Amino acid sequence: MTRKQGDMKPSMFKSLIDDLRERKCLPFQIHMHFYGEPLLNSDLPKMIRMAKDAGVPIVRCNTNGTYLNSEKKCRELLDSGVDILTVVVEPNENIQAKTRINSDLEKVEQNMLRLKSLRKKRKPPLYGETLALKGITYYTDLETGFERWKRIFDLYDVIPASTVGGQVADYDLRPQPKEYCSAIWTDSVILWNGDVTTCWTDPDGKFVMGNVEEESLADIWNCKKYESMRDIHRRKEYSRIPLCNQCMQAR
């Protein structure tokens, strides 16, 4: 990733949510993460609470679990009202050392046990997820990972790592021909600085449609630039958009 890193400010998030609520177009679901670890932003629980108080039905969050390393942090996240929490974990220490440098899988496991003990009434659901990497993750690893994590998570799943629109090596274990991409009609990604891009396969913000500090998300969603990309998708002319042409999500 080459774009500048940073944290979204609560004031920007509040303005965004307030505008969508006034326009009566709050999203059904918000994912409070993109590339990077969302819990590095100390204001994350506050912003989740803003979304829930505004009436967003489902607020989700993905984390690697490293920073849920105290009862205080666990309680802050649980009290935020987050509806679904997904923790991306590796099946064993060997793969952890290769893919998550300087992290400790045993500590992550202890963090998850702490979080689960503090959770009440089984909310939020705790989802565990392992990304399968070609040449790194093997079937025997997944078997041991399942045995390790099934006692902690309400649901544990394994998915192939994405090629991020063909920008990294092809780890797709289930190649299929392109047929349809729903994201262009259902999702938007708002980067920490307010830039709006079309989907999560654009970590560098190459396809910015606008900025929520300059105009409303509703207006950006309906702008000519966005509609032009949707027309290309309607005609299945993916080759006109390099990111879409190489994307394993357009099926």
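The following dialogue reads selected features of a predicted model.

Me: How is a pair of aromatic rings described, and how many such pairs does a search of the whole structure find?

Reply: A search of the whole structure finds four aromatic pairs. One of them joins Phe34 and Tyr35, whose centres lie 4.8 Å apart with 90 degrees between the planes, an edge-to-face arrangement. Phe34 has a relative accessible area of 21% and is partly exposed. Tyr35, at 35%, is also classed as partly exposed.

Me: Why is the pair of Phe146 and Tyr156 called tilted?

Reply: Planes under 30 degrees apart count as stacked and those over 60 as edge-to-face, with the rest called tilted. The planes of Phe146 and Tyr156 stand at 40 degrees, with the ring centres 6.5 Å apart, so this pair is tilted. Phe146 belongs to helix α6 (residues 139–149) and Tyr156 to strand β5 (residues 155–160), so the pair ties together parts that are ten residues apart in sequence.

Me: Which rings have the charged end of Arg230 over them?

Reply: Arg230 lies over the face of Trp221, at 4.3 Å from the ring centre. The charged end of Arg230 also sits over the ring of Tyr226, 4.1 Å from the centre of that ring.

Me: What are the pairing partners of β4, and in which sense do the strands pair, parallel or antiparallel?

Reply: Strand β3 (residues 84–88) pairs with β4 in the parallel sense over four bridges. Across this pairing, Leu85 stands opposite Leu126 of β4. β4 also pairs with β5 in the parallel sense, over six bridges. Together with α6, the strands β4 and β5 make a right-handed β-α-β unit.

Me: What is the strand order of the open sheet of three strands, and which are its edge strands?

Reply: The order is β6-β7-β8, with antiparallel pairing. The edge strands are β6 (189–190) and β8 (208–211), each of which pairs on one side only. Strand β7 (residues 195–197) is joined to β8 by three bridges. Asp195, for example, has Asn211 in β8 as its bridge partner.

Me: How many residues has the largest nonpolar core, and which have the most contacts inside it?

Reply: This core has 48 residues, and Met32 and Phe153 have the most contacts inside it. Among the elements that each supply at least two of its residues are α1 (10–22), α2 (44–54), β2 (58–63), α3 (71–79) and β3. Leaving aside residues up to four places away in sequence, Met32 touches Phe13, Pro38, Leu44, Met47, Ile48, Val59, Arg60 and Cys61.

Me: Where is Glu90, and what does it touch?

Reply: Glu90 is in the loop between β3 and α4 (93–99). With a relative accessible area of 4%, Glu90 is buried. Not counting residues up to four places away in sequence, Glu90 touches several residues, including Arg100, Thr130 and Trp149.

Me: Where is Met248, and how many residues separate Met248 and Cys223 in sequence?

Reply: Met248 is in the segment after α10 (242–245). Its relative accessible area is 12%, and Met248 is therefore buried. Met248 and Cys223 are 25 residues apart in sequence, and their C-alpha atoms are 26 Å apart in space.

Note on methods. Residues numbered from 1 in each chain as written. Predicted model: local features only at pLDDT ≥ 70, side-chain atom pairs only at ≥ 80, totals over all residues. Heavy atoms only, no water. Phe/Tyr/Trp six-rings, centres within 6.5 Å; stacked < 30°, edge-to-face > 60°. Buried < 20%, exposed > 50% of the residue type's maximum accessible area, 1.4 Å probe, protein only. Lys NZ or Arg CZ within 6 Å of the ring centre and 35° of its normal. Pairing = 2+ DSSP bridges. Right-handed = clockwise from strand over helix to strand, strands pointing away. Core = buried A, V, L, I, M, F, W, Y, C linked by side-chain atoms within 4.5 Å. Contact = heavy atoms within 4.5 Å.
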